[in-house]
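Please keep the sequence and the structure in view while reading the points below.

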Amino acid sequence: MTGLATDETTGPVITVNGRTYRIPVVPVVVITVDGGDPEYFADAVGRDLMPNLAAMLRAGGEFQTGASEMPSLTNPNNISIVTGVSPAIHGIPGNYCRLSDGRIELLNHPDFLRAPSIHAAFQEAGVRTLMVTTKDKLRRLLGKGGVPSVSVEKASGEGLAEYGIDDLEELVGEPAPGIYDPRASHYAIRLALAIWRANRDIRLIYVSLTDFVQHSAAPGSQMADQFFIEFDTLLGEIIDEGFTIGITADHGMNSKHAADGTPRSTTSATFWRPPASRSMRSSCRSPTPTTDTTGLWARSPGYTSPKDTAKPPTRSFVT
Ligand SMILES: [Zn+2]
């Protein structure tokens, strides 16, 4: 299912799960903002809180929204992003599954993953890659196939032997925060940057953030603002290092109640995350897990301004 070849026009390419990828000449980083609903970005860019992202937009990058995998949960979507195929092929259709003996099992073990990741195929072909997650449970899945991988959760006292690093926290220059600290996601980006700066031949990096802030804070709230301002500062560092950058999300976020407090679902389903597009949002009342809009892609250089401009936050987030 994987293979290294040479294309006459693009140079070396690798085919993974039926799709062909160029081997990057400049380093590439893909950051998945867990729960990164497009409204957060539209709101923050609209209020000039993310000047680096705005500069990428002006310089001709791309901004798009798209539907996440169904159901719109963390594991299937992270895996779809790194494999380029749907859960039907990669084998991770949810965060949990029911085993044949009736037990409920978390879908975190790499054995459940049936398709190689793009990173694993690149690594196997001799292209240096790096996987950084906030929570360690995702690292095991995302790092399958020999991808050098670290997590914020397990950074303390750990190194990364593949890249000659003895102490991750020493490399970053500060102790790793807990995974329920709003700064944990930023630390994941810092970790990726620090490892790359010590190994500048790494060509493909994936950074998976956590959704603690997005679960807790609506667009425009103080915690969300602090999160995206710091995110943008780190984005500036990545831009300065010459990366090609992709920013996306595993799913969006939405409130469980209308502005007047009326429940928007007839059950207490935790995972109800309806479509973020305006028309679909108003028509969707399903109590079941629902696909939603997630994607925000920015490429350096450039990016076009989001059409979905800022609107006042009117919702509270309930988990
Ligand atoms: Zn998620």
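Within this predicted model, strand E7 (residues 129–133) and strand E9 (residues 204–208) run parallel and are joined by five bridges. The two strands belong to an open sheet of five strands, ordered E8-E7-E9-E4-E10 with parallel pairing. The points below begin with the chain as a whole and then turn to the sheet, the helices and selected loop residues.

**The chain as a whole**

- The chain contains eleven helices and ten strands.
- Of its 319 residues, 45% are buried.
- Among the contacts with a separation of 6 or more, 64% are between residues 24 or more positions apart.
- The average pLDDT of the chain is 81, and 79% of the residues score at least 70.
- Over residues 265–319, however, the pLDDT is below 50, although this stretch has 160 contacts in the model beyond near neighbours in sequence.
- Where pLDDT is low, the predicted coordinates should not be read in detail.

**The sheet and its order**

- Strands of a sheet pair through backbone hydrogen bonds, and the pairing may be parallel or antiparallel.
- In this open sheet the pairing is parallel, and the order of the five strands is E8-E7-E9-E4-E10.
- Strand E8 (149–151) and strand E10 (244–248) stand at the edges with a single partner strand each, so one side of each has no neighbour in the sheet.
- From one strand to the next, the twist averages 15°.
- Helix H8 (residues 184–198) packs on the sheet and touches strand E4 (28–32), E7, E8 and E9. The direction of H8 makes about 155° with that of E7.

**Pairing within the sheet**

- Which residue of E9 is the bridge partner of Val132? The partner is Val207.
- Thr133 also has a bridge partner in E9, namely Ser208.
- E4 and E9 run parallel and are joined by five bridges. Here Ile31 has Val207 of E9 as its bridge partner.

- E9 is mostly covered, with five of its five residues buried.
- In a regular strand the side chains alternate between the two faces of the sheet.
- In E9, Leu204, Tyr206 and Ser208 point one way, whereas Ile205 and Val207 point the other way, and all are buried.
- E10 is likewise mostly covered, as four of its five residues are buried.

**A pair of helices**

- Two packed helices are described by the angle between their axes and the distance between the axes.
- The axes of helix H2 (residues 51–58) and helix H10 (residues 222–240) come within 7 Å and cross at roughly 50°. This angle makes H2 oblique to H10.
- On the H2 side, the contact is made by Pro51, Asn52 and Leu53. On the H10 side, Asp232, Leu235, Gly236 and Ile239 take part.
- By class, the contact of H2 with H10 has four nonpolar residues, two polar residues and one charged residue.

**Selected loop residues**

- Most residues other than glycine have a negative phi.
- Asn17 has a phi near 50°, a positive value in a residue other than glycine. Asn17 lies in the loop between strand E2 (11–16) and strand E3 (19–22).
- Asn17 counts as partly exposed because it has 17 C-beta neighbours inside 10 Å.
- Asp48 is not a glycine either, yet its phi is positive, at about 60°. The residue lies in the loop between helix H1 (38–46) and H2.
- Is Asp48 buried or exposed? With 8 C-beta neighbours inside 10 Å, Asp48 counts as exposed.
- Phe243 is found in the loop between H10 and E10.
- Phe243 and Arg203 are 40 residues apart in sequence, and their C-alpha atoms are 9.2 Å apart in space.

How values were computed. Residues are numbered from 1 along each chain as its sequence is written. This is a predicted model: local features need pLDDT of at least 70, side-chain atom pairs count only at pLDDT 80 or more; totals for chains, interfaces and linings use all residues. Two strands pair if DSSP finds at least two bridges between them. Axes are lines fitted to C-alpha atoms, for helices over the stretch in contact, and angles run from 0 to 180 degrees between N-to-C directions. Two residues are in contact if their C-beta atoms, placed from the backbone, lie within 7 Å. Angles under 35 degrees count as roughly parallel, over 145 as roughly antiparallel, 65 to 115 as roughly perpendicular and the rest as oblique. Ala, Val, Leu, Ile, Met, Phe, Trp, Tyr, Cys and Pro count as nonpolar, Asp, Glu, Lys and Arg as charged, and the others, Gly among them, as polar. A residue is buried if 20 or more other C-beta atoms lie within 10 Å of its own, exposed if 12 or fewer, and partly exposed in between; C-beta atoms are placed from the backbone. pLDDT is the predictor's confidence in each residue, from 0 to 100.
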